[in-house]
Amino acid sequence: MAAKAGDNPDSLMALSTAFCLRNLRRTMCYLGDGNKLCLRSDVFLPSEICDKLVNTYMELVHSDSSFEPQDGFFQLFSDPRSTRLTRVQLREDLVWDRDLEAIGKQDLIELHLTYCNSLSARSLKTLASFRQTLVSLSLFGCSHIFYRKGGAPLAYNEDGEEEEEEEQQWPASRQALDTDFSFQGFNRLRLLNLGGLPEEVDPEALLKPLPALTSLDLSGVQLPRAAFLAQWKERLASLVLYNVDLSEELVNTVVELGHLRHLDISRERTSKFKMTRKILTAIVQGLVNLVSLDISGHIMLDNCTVPHLEEAMGRPSIEPCKSSIYPFQELKRPLQFLGLYNTTLCNVTHIPAYKVTGSKNEDQVLNAIEAYTEFRPELAHRAINQLFDIARIQHCSQLLRALQLVIAALKCHKYEKSVQVTGSAALFYLTNTEYRSDQSMRLRRQVIQVVLNGMEQYQEVTVQRNCCLTLCNFSIPEELEFQYGRVNLLLLKILEPARQDESIQRIAVHLCNALVCQVDNHHKEAVGKMGFVKVGETAILCDQVMEFSWSALWNITDETPDNCQMFLNCRGMSLFLDCLKEFPDKQELHRNMLGLLGNVAEVRALRPQLLTPQFISVFSDLLDSKADGIEVSYNACGVLSHIVFDGPEAWGMEEPLRDTVMDKMMAAIQSWDVTSRRNINYRSFEPILRLLPQSIAPVSQHWATWALFNLVSLPGKLAYWYLRGQLLILCLLLHYL
């Protein structure tokens, strides 16, 4: 049988790396003085392993809530005699100045810092220690790294070390621009990303010492004097000016960079600048080595495109001579990549490029998600929203790629609400029944992980609803069991009384019910200890989720005495009487409530709490109920069968009389049709079988015998038990009756 898409297992390297990081003290570390994490003296780790450890550590910190960040982790790589780091990628606010300093003695070749807003100008000093070896550097979105904290000389502690201020953001009044840093001496640096450079920093002065750059990203940077870019006209192969305000001067300078192979002048913000046929033609004619161009987001003038009636006939073509966009007819060969997202040009017939971003079709949309996810969440969010429409209204033909791209976007932008909203909505449609047969277990587990990440990070209604609905697409509890405790904790949080959205609470109760329906007792006990019984009873007070809550409580108390005790301790019987009075005609509700009380009655130590004139009278009256077929009457009789099983000495009541109740039970049983089809599942027959070997309450034997015969006679539902059940009942009847 062919493997499903995405079913390739993780590599041994990936599994080993994750295991070591989750078990540092058991593998390569020990606790030194002051509980400081230290590398074992006999350990030497080459760069291939060190790079993998650091980069996987960052991934686990941001995508796996069960993984705890290790204080002092980066100190493990402080000595280049035992560890070698060469290529490091660090993200988000969990990276501090001290972490970068810890690896300051390493000979880094690549250092990518993305959205590391906790870094200050103190880290610029650490960067200088890499100047002899660094080839690739990214400071994308590190908005504070060019500022000193406090606007005064940094404080020092008793050991002479600069103190770390545990703050993620500092008020402008406490920031002072660091004017001392320079890229002087970074002679090997070839690739530099300064996306998001603050306006106060002069890019020309900063970049002047770097004549050998071949790749430069200045996304969102203000360029008051564009002419300085010409210093790289003989070397620069890649230039990114995303969201940079274009001008005639800047375009003329860019066109002079004749060695460019990749040019990105796309934008997301509105601009007065208009993309004309003349400008595009100048770019094509001047940059003859171009293989990749992104002009997404620009307002295009109509004279750029061939009139529809004059377009080349036949199937869509990537040949430049047939291009529907006039300037691209002068290309010598098709482009490898062409960004046309959020432009009118993506809708034309003939586009001379192998990969195009846009919104015309699924392929263009997926290309956009792939191209823009890492550094442009605002564009990725829009593209994912368009993928959502494709999956919802049409049909997604590239399911594996679509799922992988959405998962990657949700992992990359865990803290970006817009991505989480659209991504979780897209996942709901991409994991439904229509697509399920094409998905591997591994891929579906990845979906579950990112969905739970979103639920943890955002309590906002839309994200929570999308995530809960997506979880409903999975086989429960089987597919969620590997995250069983985590799922239940998140669902219980939704059911807290403070939550007002009843639609989400209804879905959450449904999921909880499914999660506890067919699992072992230790799972049910664990969920009970998490507080589900208490929260579930609180949820009963809400009309919209009441029925589901009783059903979930019925399942969670099944053969689980501790949870039955919790139910009684949390005013469960009072809620039962209140619901019975308030909703006398809700048949499903009565069935669920009595099913739960049957579980309580199965626990011998708890039965005395049910043995009151009020409760016995209610159960006895319900024997006559015709609601939901025989279900309510059957369940009421089951509760009473366990109570009378304890004998007359345990009854201890004058009214109602035990014999009177038993006579009424017998009459009810005799009125039922033994061939009735019933909406019930028993996980085991043990509670029923316990009622057979006795003579103190024949009516309990009668109920148990009737129940077993009815259950094993149902076609299909318990066919496996049929022959064994018939023999079992025959033997029991011969022995005991």
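At 43% relative accessibility, Asn342 counts as partly exposed, a class that lies between buried (under 20% relative accessible area) and exposed (over 50%), with a 1.4 Å probe and protein chains only. Asn342 is found in the loop between β15 and β16, where helices (H or I, at least four residues) and strands (E, at least two) are DSSP runs numbered from the N terminus. The phi of Asn342 is near 60 degrees, a positive value in a residue other than glycine. The model is a predicted one, in which local features need pLDDT of at least 70 and side-chain atom pairs count only at pLDDT 80 or more, whereas totals for chains, interfaces and linings use all residues. Residues are numbered from 1 along each chain as its sequence is written, and side-chain values use heavy atoms, with hydrogens and water left out.

A positive phi is also found at Glu92, which is not a glycine and has a value of about 65 degrees. Glu92 is placed in the loop between β3 and α4 (97-102), and at 13% relative accessibility Glu92 counts as buried. Most residues other than glycine have a negative phi, and most peptide bonds are trans. Against this background, a cis peptide bond joins Ile476 and Pro477, with omega about 10 degrees, and Pro477 lies in the loop between α15 and α16 (484-494). A cis peptide bond also joins Glu655 and Pro656, with omega about -10 degrees; Pro656 belongs to the loop between α26 (648-651) and α27 (658-671).

Strand β13 (residues 292-294) is joined to β15 by three bridges, the two running parallel, with Asp294 partnered by Gly339 in β15. β15 and β16 pair in the parallel sense over four bridges, and Phe337 stands opposite Lys355 in β16. Strand β15 (residues 335-339) is mostly covered, since four of its five residues are buried.

Among the helices, the 14 residues of α12 (residues 417-430) should span 20 Å at 1.5 Å a residue, which agrees with the 20 Å between its end C-alpha atoms; the expected span is 1.5 Å times one less than the number of residues. The buried residues of α12 include Val419, Gln420, Leu427 and Leu430, and the buried residues of this helix pack against α10 (377-393), α11 (399-412), α13 (433-436), α14 (441-457) and α15 (461-471). Leu430 touches Leu387, Ala391, Cys396, Leu399, Ala402, Leu403, Val406, Tyr435 and Gln439, not counting residues up to four places away in sequence, where contact means heavy atoms within 4.5 Å.

Leu430 is also one of the residues that touch the most other members of the largest nonpolar core, which has 127 residues; the others are Met455, Leu491, Trp550, Phe576 and Phe619. Such a core is a set of buried Ala, Val, Leu, Ile, Met, Phe, Trp, Tyr and Cys residues joined through side-chain atoms within 4.5 Å. The largest share of this core, nine residues, comes from helix α17 (residues 502-517). A second, separate core of 99 residues includes Leu85, Leu139, Leu260 and Ile351.

In helix α21 (residues 561-569), Asn563, Cys564, Phe567 and Leu568 are buried. Seen down the axis of α21, its buried residues fall within an arc of 145 degrees, so they line one face of the helix, the arc being that of the directions from the helix axis to the C-beta atoms. α21 is followed by Arg571, whose phi is positive, near 65 degrees.

Technical notes: Pairing = 2+ DSSP bridges.
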